[in-house]
Amino acid sequence: MALFLTVLAVCLLIIGGMIAILMTARTPRYRTEPEHLLELFDQALESRVSETEWNAVVGYPIRHDDYLEGVRRRAQRLMDEHGRHGRVARGKPLLDDEGHADLSALRDHLAARTALRHGEERE
């Protein structure tokens, strides 16, 4: 009987501990920052980005910054309008010429805004 109670207590302790760990553990979250988008846009403009990487970053909603969410949506729209599935696999750029120009303008605008915000933080 003592062995049964010991085994029961150990099992309850292990199960209780696991439940406590699962209740206190948080889901990991990815937070997209302007630098992540700038790096991705640079890679796309230089034809060094895969479609998978593009879709992973641009397809993930940005909830902490409305401006960055707008930039992400515009980049996603650029891919929908000027990109073709499998272009990178065939050795072509991610976007066509018009999309490349629009992405370059979007990248420059984001870089200027980011530089301005970092300048304000230092003052």
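Which side chains meet in a salt bridge at 2.9 Å, N to O? That would be Arg 73 and Glu 69. Before I go on, the ground rules. This is a predicted model, where local features need pLDDT of at least 70, side-chain atom pairs count only at pLDDT 80 or more, and totals for chains, interfaces and linings use all residues. Residues are numbered from 1 along each chain as its sequence is written, and side-chain values use heavy atoms, with hydrogens and water left out.

Okay, salt bridges. By that I mean a side-chain nitrogen of Lys or Arg within 4 Å of a carboxyl oxygen of Asp or Glu. The structure has 7 of them, and I'll walk you through a few.

Back to our opening pair. Arg 73 and Glu 69 both sit in helix H4, 4 residues apart, about one turn of the helix. When I say helix, I mean a DSSP run of H or I with at least four residues, numbered from the N terminus. Arg 73 counts as partly exposed, at 47% relative accessibility, while Glu 69 is buried at 11%. The cut-offs there: buried is under 20% relative accessible area, exposed is over 50%, and partly exposed is in between, with a 1.4 Å probe and protein chains only. Salt bridges that share partners join Glu 69, Arg 72 and Arg 73 into one network.

So what about the Arg 72 bridge? Its closest N and O atoms to Glu 69 are 2.7 Å apart. Arg 72 and Glu 69 are 3 residues apart in helix H4, so about one helical turn separates them. Arg 72 is buried, and so is Glu 69. Leaving aside residues up to four places away in sequence, Glu 69 also touches Pro 61 and Ile 62; contact here means heavy atoms within 4.5 Å.

Next one: Asp 65 with Arg 117, where the closest N and O atoms are 3.8 Å apart. Asp 65 is in the loop between helix H3 (51-58) and helix H4 (66-82), and Arg 117 is in helix H5 (residues 97-122), so this pair ties together parts that are 52 residues apart in sequence. Asp 65 is buried at 14% relative accessibility, whereas Arg 117 is partly exposed at 40%.

Now the inside. Which residues have the most contacts within the largest nonpolar core? They are Leu 37, Phe 41, Trp 54, Leu 94, Leu 103, Leu 106 and Leu 110, in a core of 21 residues. A nonpolar core is a set of buried Ala, Val, Leu, Ile, Met, Phe, Trp, Tyr and Cys residues joined through side-chain atoms within 4.5 Å. Helix H2 (34-45), H3, H4 and H5 each supply at least two residues of this core, and H2 gives the most, with 6 residues. Take Phe 41: among its contacts, not counting residues up to four places away in sequence, are Trp 54, Val 71, Leu 103 and Leu 110.

Last stop, the surface. Met 1, Phe 4, Leu 5, Leu 8 and Leu 12 make up a nonpolar patch with about 580 Å² of accessible area together. Patch members have over 30% relative accessible area and no salt bridge, with like charges joined within 9 Å and nonpolar side chains (Val, Leu, Ile, Met, Phe, Trp, Tyr) within 5 Å; areas are Shrake-Rupley with a 1.4 Å probe, and for residues only the protein chains shown count as cover. Leu 12 lies in helix H1 (residues 2-24) and is exposed at 54%.
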